[in-house]
Amino acid sequence: MKKLRKSFLFDQDFCIGCKACEVACQTYHKQEPEINWRKVDEYEVTENKKLKSVFLTHSCNHCENPICAEVCPAEAYTVREDGIVELDRDKCIGCGYCAQNCEYDAITIVGKESKAQKCNMCTERLDIGELPACVRACPMGVLSIIETNLADRAGMEKEVVGFEANSYVPSTRFYPKFVTGMKRKEFSIKI
Amino acid sequence: MKTIKAYHPLIMTTHKFILIQTITLIITGLPFFSKTFSFLAYYVGYPASIVLKNNEALVTGLMIFRTLHWVSGFLLAITSLIFAIVMLRRLKELSIWPEKWGVEAIIDGIKQMKLHYIENKPAKFGKYNMGQKASAWAMYFFVTALIITGFILVYKSANAGALSLRDAEFIGTLHSFSFIMLGIILIIHVIFALLPSNLPAFKAMFQTGEMSIDHVKEHHIYWYERLKKQKIIKDEIEEK
């Protein structure tokens, strides 16, 4: 049976910017201190004439037509059946084309090996039925994994404050603003 | 046949060396320029991967190509530097400066080229015509740009955090743009060098280093006059 495309689903309204996702990712993948596959950015917006901080947690968006795979001369990137864009670091030659072309700054080549690295949606965990480290670590439950089709049918947004969808079709989806009473677990993928 | 030394041995050697380096640089750079040329890396990488037993033909090919590209670039930079230092001492004698300056001289230069290349009539040239001089300057410029941007890119590869991604992208784009421009100029340069009317110059550059005085008088009148003024032609005849 064909696997369904997976996406990160994020609720910006309830994110408190604690960076637990960022730390969990860094710890789980044993990254060097300066490397973050997942980052949390803060934005200031005006709501009802009041200044308010909103947060955006972002990593690789596992695009449908990933530019990283398109430009990689070593063909180190592959797109799995479930839409996850995987990087084979053994194949990476560190040219940096992927990092330069990714509009979301999701790829880094900083590090001891000078090779590209990015979020793999913790495929090794997903494949054994566990949630990614960032999703598990979020104390507010604002980050989850969802089937992209299901998210789209449920009216999830493709853009949010600080994030614009580009022509490479990022898979990340966002809860619509001010939707209340939604039973979130209905939309979470059963792994 | 009375001849004159047309090219200094250093120029001939450097020209041959630069030719080899440029071909190597183009071939080894193409798989990084566009994935359309990945097959080149496969050709080299496949036998190498069998020897290395790593089953990664493309990656092995790319690594070999990149090493060759860096080494060739380094050698080209060294050659160009030595050439530039030696030539700077003879800057005024070089034939890459215009015989005359100004708009009228440019219009006349174009007219002379049209006479020679299109109408096949005798034209008034120096050692090089206006097109050759312009392409020489363009080549100097783009080779310099390629060497400088190339060194920055190598430095970036060795120190991943040395440049921001946007700066690295900008330098990479400049490197690619300079390569495209140089490629176009080189194609034109080779086509013109292989024209029958340029055969004596071609032979002089790659074989003898000398050109017949009759040919110089007929095709490079300004150069002939300059040599006569400098009494070089007379000296050459006496030597023979």
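Start by selecting chain B and colouring it by secondary structure: along the sequence, the elements run β-α-α-α-α-α-α-α-β-α-α-α. That makes ten helices and two strands in chain B. The model is a predicted one.

**Stop one: two helices in chain B**

Next, select helix α1 (residues 9-33) and helix α7 (residues 199-208) of chain B. How do their axes cross? The axes come within 8 Å and cross at roughly 90°. Angles of 65 to 115 degrees count as roughly perpendicular, and α1(B) and α7(B) are therefore roughly perpendicular to each other.

Show side chains where the two helices touch. On the α1(B) side, pick I11(B), M12(B), H15(B), K16(B) and L19(B). Facing them in α7(B) are A204(B), M205(B), F206(B), Q207(B) and T208(B). By class, the residues of this contact between α1(B) and α7(B) are six nonpolar, three polar and one charged.

**Stop two: the interface with chain A**

Now bring chain A into view and select the residues in contact between the chains: 18 from chain B and 21 from chain A. Between them, chain B and chain A bury about 1,600 Å², with 54% of that area on carbon and sulfur atoms.

Which residues form the salt bridge? Select D105(A) and R166(B), whose closest N and O atoms are 3.7 Å apart. The count of salt bridges between chain B and chain A is one. For polar contacts, the count between the two chains is seven residue pairs, with both residues at pLDDT 80 or more.

**Stop three: the chain B side of the interface**

Hide chain A and keep the side of chain B that touches it. Helices α1, α2 (38-52), α3 (57-88), α5 (130-158) and α6 (165-193) of chain B each supply at least two residues here. The largest share, five residues, comes from α3(B). Coloured by class, the residues on this side of chain B divide into ten nonpolar, two polar and six charged.

Key:
Residues numbered from 1 in each chain as written. Chains lettered and ligands numbered in written order. Predicted model: local features only at pLDDT ≥ 70, side-chain atom pairs only at ≥ 80, totals over all residues. Heavy atoms only, no water. Axes fitted to C-alpha atoms, helices over the stretch in contact; angles between N-to-C directions. Helix = DSSP H or I, 4+ residues; strand = E, 2+ residues; numbered from the N terminus. Parallel < 35°, antiparallel > 145°, perpendicular 65-115°, else oblique. Contact = heavy atoms within 4.5 Å. Nonpolar A, V, L, I, M, F, W, Y, C, P; charged D, E, K, R; others polar. Buried area = accessible area lost by both parts, 1.4 Å probe. Salt bridge = Lys/Arg side-chain N within 4 Å of Asp/Glu carboxyl O. Polar contact = N/O pair within 3.5 Å; in protein donor to acceptor, adjacent residues only side chain to side chain.
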